[in-house]
Amino acid sequence: MLGRRSFLALSGAAVAVAVGASGAIAGGGTPVVASGTGRRAGALAGSLSSHPKPGGHGGPGHGASAQRSAVAFLQAAADAYPTLNTGPRLAQSYADELGLFSTAFVYDNALAILALLADGRRASLATAKALGDGLVYAQEHDPAFDDGRLRQGYNVGPYTFYDGNPQPYGFVLPDGNANIGWQFGFLGTAVGDMAWPGLALAQLYGATRERRYRDAAVRIGEWITTNTWSTKPLGGFSFGVDGADNPVPNGSTEHNIDCIAFFAILRTITRDKKWTKAAAHARAFVDRMWSRADGWFWTGTNDGIEINRSPVPLDPATWSWLALRERKYAGALDWAGRALATTDDAAAATSQLPDGERISGVTFSTASLTSTAQYNGITVHPQGVWLEGTGQLATSLADRCGRGDERSVRALLGQIRHAQDVLGVGQHLGGVEVSGGVVAASSLLDTGFGFGYFQVQHVGATSWFVFASTGTNPMRWGGLR
């Protein structure tokens with residue numbers, strides 16, 4: 001199975017790196033606030049709060065200060081190459097230290113737009129519009145296609161590749177085309193990598209009422225339904241296409257959850273009933289992936305016929321609540337908080353935490369907890385904390401607001417704030433030192449889907465922290481303040 005935002009296996013990219021990803025392969029329901037489901041989540045909060053950390057996280061004013069710092073990091077990522085990207089642009093996804101140079105993943109940029117809208121300040125809205133304009137520009141200026149697609153990633157600043165090949169341009173090439181991420185092979189188009197930008201553009205339309213954002217979101221929806229509507233037994237929407245435009249037959253639970261949320265919002269802003277049908281098609285797939293006996297969602301399918309049952313990832317649990325808000329699936333959050341909980345302790349042999357540090361949260365999947373994989377010669381840490389996923393869980397629990405959830409959210413946010421304070425110090429965007437971003441992982445971890453996450457400041461992880469801090473739901477119309 002491929003990671004959701006990782007086309008490394010398809011593209012043949014030789015460098016083992018972490019990419020802008022969550023990784024589940026796999027009609028919005030009536031909003032219901034779950035009650036009586038917070039008992040096990042409360043147990044998670046207890047386990048987190050039993051490990052006090054230095055630094056005073058959670059103190060008076062610390063939350064607001066941490067949120068402002070996170071937003072400043074998102075703005076710095078958007079403005080990393082100011083002399084080259086003076087108009088529509090995209091944000092660099094990771095600090096330079098990861099080695100992906102100026103790569104801007106569309107998933108991360110969608111999250112950044114939504115997080116900036118959640119922040120709500122005028123400067124944040126201006127940056128959200130610049131990134132939204134970047135997505136629209138990429139859609140309208142692809143060098144090979146004019147069908148509404150977005151690529152997995154783009155280049156937004158100059159660098160010299162590992163083989164000595166220079167990439168001297170910003171987001172817009174001299175011929176006017178968008179600078180697609182060809183050197184790493186980030187050329188494919190995945191359904192989830194379309195649905196999230198669609199969500200961001202639709203929400204940006206809601207905030208500005210500028211039709212270009214709605215029109216671009218509609219084009220994204222039409223690309224998904226035209227190119228990935230599966231007629232195989234499990235139904236739903238397939239994975240997407242690779243960089244050579246070949247269909248990828250896999251089906252992702254997470255992708256289809258993304259589609260449910262996206263199509264529901266398209267129905268709202270266009271009043272076109274076709275989006276209700278499309279959401280129902282995605283919903284049928286998601287329902288088939290639910291394991292009632294286990295309280296989790298299966299990953300998805302490799303062929304549209306058989307369910308892939310291993311490993312079991314986090315994000316279908318968190319995003320299913322944000323998209324559906326249905327009582328029957330609410331227990332997936334409790335499963336995630338219990339089964340994927342982990343504590344990274346600097347005393348462990350494979351931990352990369354500074355001496356004396358300890359951070360708790362959740363990891364990526366069931367496979368992450370036992371992996372002994374290596375990336376770039378470094379052995380993964382099975383107890384590494386996935387900070388993006390920890391933000392997802394905090395966001396989902398805050399939205400669910402069940403018994404014990406508030407306590408869990410406070411504990412999770414405290415852990416993320418502490419990671420924001422002590423990890424990623426001295427890292428850079430476009431060669432300029434930055435701070436305030438949340439690293440992707442407390443220590444190198446393996447997702448179980450063929451890629452890893454590193455201790456590098458990340459737009460995606462930072463954005464989920466902002467959602468949790470503001471108590472917003474990026475997957476629902478009206479969920480952003």
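R283 forms a salt bridge with E326, the closest N and O atoms being 2.8 Å apart, where a salt bridge is a side-chain nitrogen of Lys or Arg within 4 Å of a carboxyl oxygen of Asp or Glu. This pair links distant parts of the chain, 43 residues apart, with R283 in helix α9 (residues 274–288) and E326 in the loop between α10 (315–324) and α11 (327–339). Both R283 and E326 are buried (buried means under 20% relative accessible area, exposed over 50%, partly exposed in between, with a 1.4 Å probe and protein chains only).

## Basis of the values

The model is predicted, so local features need pLDDT of at least 70 and side-chain atom pairs count only at pLDDT 80 or more, while totals for chains, interfaces and linings use all residues. Residues are numbered from 1 along each chain as its sequence is written, and side-chain values use heavy atoms, with hydrogens and water left out. Helices (H or I, at least four residues) and strands (E, at least two) are DSSP runs, numbered from the N terminus.

## Other salt bridges

Across the whole structure, the search finds 18 salt bridges. One of them joins D245 to R149, with 2.9 Å between the closest N and O atoms; because D245 lies in the loop between β6 (238–241) and β7 (247–252) and R149 in the loop between α5 (122–140) and β2 (153–155), the pair ties together parts that are 96 residues apart in sequence. D245 is partly exposed at 31% relative accessibility, whereas R149 is buried at 5%.

Within helix α13 (residues 405–422), E406 and R410 lie four residues apart, about one turn of the helix, and their side chains meet in a salt bridge (3.3 Å, N to O).
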